[in-house]
Amino acid sequence: MIKLLSYLIGKGVATQRKPFPKPDADVWGFPEVTLAPCEGAACNKCVTECPTEAIAITIDGDKPLLSLDRGACIGCGRCIEVCPTKTIVPNRTYEVATVTREDLILTNSGKKKVDEAKRTPRANLHIFKESVHARVVSTGCSACDAEIGASGNAVFDIERFGVHVVASPRFADALLITGPVSKGMQEPLRRCYGAMADPKLVIAIGTCAITGGVHKNGYTEANGADSIIPVDVYVPGCPPHPWSIIHGVLVAMGKAKPYIHNPETITPELVAVAGASALAPALAPDAAADASESSAAAPSEPSATAPAPTSDPSPELPETESGPEDAKSEPKSE
Ligand code: SF4
Ligand code: SF4
């Protein structure tokens, strides 16, 4: 018994106390689109490199317009590596869930204009602010399911936010969908949704559940969930990180703000993995000035300043009861 107790005390607390902690320095995160001019057809490298056709280049007036669809992106990072103009850079935030499909499509033309009405949650959803019971339906793949499982482990501990996974749609307020929803799973998914009481939330988790991912337009018609049932929140990723899954559920509950693309919020800290000084021309003027300062102080390390988040869920999140953050017990994020 004493041995066990000393082992547990020696281990410390595994739970990450602060939601959405700063990722490790070598984490790339999702591709982000800046305001830096794209070379267009003269370059086309990102389009050629992208394995999922998530990137398109068109002409807007006389300039190339880059569109990058995170709903089709598997996060391979190739576009970030090949882009010579830093129009595409990494964004090292976990808070990537959106409430509209349009918000997943990033362009280099400035802040996206999405109809605010589309971002308004369906009526009565505020009743889920304290807790939700969630049913997971896997319609293929298993990586997203594994990450949902991980979000419930001692490190991430999704239950502390009032999220409980249940085994029946009859007990569920929220439906978490993973996988591309091929023909064979379309009717079971409809039945599961129909078995849930109103009001209810639907969260599409992972690139497959959003667009079909690598299965898109195949013979099994596996093109994602929102053509089968209505979706409230989209969590991109292949698979999404457990913190991104938690972000998506908190957005659905009204406890966190969704991601909204705004190139002016891209700070050197968010993209520091690729070297802030090299990215300075791609950033907004103020951020570029910060970039050169921070790169002069620490060329390859992220700044000690907390990154400006694209959303700010923390004020409404509960104080967690975990112990002090312990560098020894802190797991590698990705
Ligand atoms: S990171 Fe995403 S958008 Fe970029 S090349 Fe890979 S799949 Fe395509
Ligand atoms: S975004 Fe970058 S890699 Fe893609 S076409 Fe434009 S300049 Fe080339």
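Isoleucine 205 stands opposite valine 235, a residue of strand E10. Strands E9 and E10 run parallel to each other, paired over three bridges. Keep in mind as you look around that this is a predicted model.

- Five strands form an open sheet in the order E7-E6-E8-E9-E10, and their pairing is parallel.
- E7 and E10 are the edge strands, each pairing on one side only.
- From one strand to the next, the twist averages 25 degrees.
- As background, strands of a sheet pair through backbone hydrogen bonds, either parallel or antiparallel.

**Helix H8**
- Helix H8 covers residues 242–253, twelve residues in total.
- From its first C-alpha to its last, H8 reaches 17 Å, close to the 16 Å expected at 1.5 Å a residue.
- Is H8 mostly covered or mostly exposed? It is mostly covered, with twelve of its twelve residues buried.
- Among these buried residues are Trp243, Ile245, His247, Leu250 and Met253.
- The buried residues of H8 pack against strands E6 (132–138), E7 (163–165), E8 (174–178), E9 (201–205) and E10 (233–235), and also against helix H5 (143–151).
- A handy rule to remember: an α-helix has 3.6 residues a turn, so residues three or four places apart point the same way.

**Threonine 85**
- Look for threonine 85 in the loop between helix H3 (78–82) and strand E4 (88–91).
- Why is threonine 85 called partly exposed? It has 15 other C-beta atoms within 10 Å, and because a residue needs 20 or more to be buried and 12 or fewer to be exposed, that count falls in between.
- Threonine 85 and alanine 36 are 49 residues apart in sequence, yet their C-alpha atoms are 6.7 Å apart in space.
- Leaving aside residues up to four places away in sequence, threonine 85 touches Ala36, Pro37, Cys38 and Glu39.

**The two ligands**
- Around ligand 1 there are 15 residues, of which Cys50, Ala54, Cys73, Cys76 and Cys79 come nearest.
- The shell of ligand 1 divides into ten nonpolar, three polar and two charged residues.

Terms used. Residues numbered from 1 in each chain as written. Chains lettered and ligands numbered in written order. Predicted model: local features only at pLDDT ≥ 70, side-chain atom pairs only at ≥ 80, totals over all residues. Helix = DSSP H or I, 4+ residues; strand = E, 2+ residues; numbered from the N terminus. Expected span 1.5 Å × (residues − 1). Contact = placed C-beta atoms within 7 Å. Pairing = 2+ DSSP bridges. Axes fitted to C-alpha atoms, helices over the stretch in contact; angles between N-to-C directions. Near = placed C-beta within 6 Å. Nonpolar A, V, L, I, M, F, W, Y, C, P; charged D, E, K, R; others polar.
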